[in-house]
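Hi everyone, thanks for coming. Let me put the sequence and the model up on the screen, and then we can walk through it together.

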Amino acid sequence: MHAVASTSTSAERAVGQTGRFRWRVIDIVVASVLGVASGLIFLLWNLGYIGPKTLLEPLLPGLQGLLDGPWLFAGVLGALIIRKPGAAIYTETLAAVVSALVGNAWGGFLTIEAGLVQGLGAELIVLLFLYRRFSLPVAILAGAGAALAGGINNLVLWYAGADAAFTAVYLASTVVSGAVVAGALSWFLARGLAATGALDRFAIGREARSRV
């Protein structure tokens with residue numbers, strides 16, 4: 001009897017772990033809403049970044065990486081809320097698809113490719129913590145991961161042949177922007193959304209209720 005009970009408990013735990021990672025319909029719906037809404041913000045930033053870019057570039061080549069953060073937050077926000085494998089990649093890529101469909105200066109395919117790479121950068125960080133920790137430090141690391149992946153991708157595609165000084169300044173700038181804007185701000189935004197009760201069917205919503 002004891003052996004049977006132990007086997008049953010182990011099986012239940014395995015099923016529980018699998019269920020924790022399985023996407024529900026509401027996960028898909030909310031992740032899709034986040035991706036589309038983020039894509040609309042991307043569209044605004046596609047135009048809004050031009051002014052600051054013209055100011056930063058003459059100061060120090062590569063410093064324009066500080067403006068990358070608003071294009072990186074979708075994956076981090078999706079990961080913080082959905083907390084399932086693939087959430088960061090899905091939301092960041094979907095946001096890029098929205099931006100590509102409406103049109104921008106970088107072309108459709110390359111925009112989607114960039115979103116996929118950036119989402120992967122954030123995804124690898126939350127995977128490193130086995131999708132169990134979603135604290136502010138983890139969010140900051142995820143934002144930095146998205147930025148580093150996206151920054152390397154941009155250096156290969158858009159800044160090929162850049163010298164060491166530009167590469168160092170650009171990567172440092174984009175990682176800082178990713179950590180602060182895509183990481184820290186997304187964490188506060190996720191907590192703010194949870195506090196409204198809109199995310200009560202998610203772990204972050206239940207955590208918000210427990211803090212009240």
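This is a predicted model: local features need pLDDT of at least 70, side-chain atom pairs count only at pLDDT 80 or more; totals for chains, interfaces and linings use all residues.

Residues are numbered from 1 along each chain as its sequence is written, and side-chain values use heavy atoms, with hydrogens and water left out. When I say helix, I mean a DSSP run of H or I with at least four residues, numbered from the N terminus.

Let's stay with helix 6 for a moment. Several of its residues are buried, including Thr111, Ala114, Gln118, Ala122 and Val126. Buried here is under 20% relative accessible area, exposed is over 50%, and partly exposed is in between, with a 1.4 Å probe and protein chains only. Among the parts that cover those buried residues are helix 4, helix 5 and helix 7, where contact means heavy atoms within 4.5 Å.

A pocket is an open set of points on a 1 Å grid over the protein atoms alone, where a 1.4 Å probe fits, with protein on both sides within 12 Å along at least five of seven lines; lining residues have an atom within 4 Å of a point. The largest pocket holds about 510 Å³ of space, the volume being the space filled by probe spheres set on the points. It has 29 lining residues, and Asp68, Trp71, Trp106, Gln118 and Asn154 are the closest to its centre. Helices 2, 5, 6, 7 and 8 each give at least two residues to that lining. By class, the lining has 14 nonpolar, twelve polar and three charged residues. For those classes, Ala, Val, Leu, Ile, Met, Phe, Trp, Tyr, Cys and Pro count as nonpolar, Asp, Glu, Lys and Arg as charged, and the others, Gly among them, as polar.

The second largest pocket has a volume of about 250 Å³. Of its 14 lining residues, Arg20, Arg83, Lys84, Ala203 and Arg206 lie nearest the centre. Helix 1, helix 4 and helix 9 each supply at least two of the lining residues, and the lining has six nonpolar, one polar and seven charged residues.

Keep an eye on Lys84, please. Which residue does Lys84 form a salt bridge with? The partner is Asp27, with the closest N and O atoms 2.8 Å apart. Lys84 lies in the loop between helix 4 and helix 5 and Asp27 in helix 2, so the pair ties together parts that are 57 residues apart in sequence. A salt bridge, by the way, is a side-chain nitrogen of Lys or Arg within 4 Å of a carboxyl oxygen of Asp or Glu. Asp27 also pairs with Arg24, at 2.9 Å, and the three residues Arg24, Asp27 and Lys84 are linked in a network. Asp27 is buried at 0% relative accessibility, and Lys84 is buried at 9%, whereas Arg24 is partly exposed at 33%.

The whole structure has five salt bridges. Another one joins Glu57 and Lys53, at 3.0 Å from N to O. These two are four residues apart in helix 3, and so about one helical turn separates them.

That's my tour, and I'm happy to take questions.
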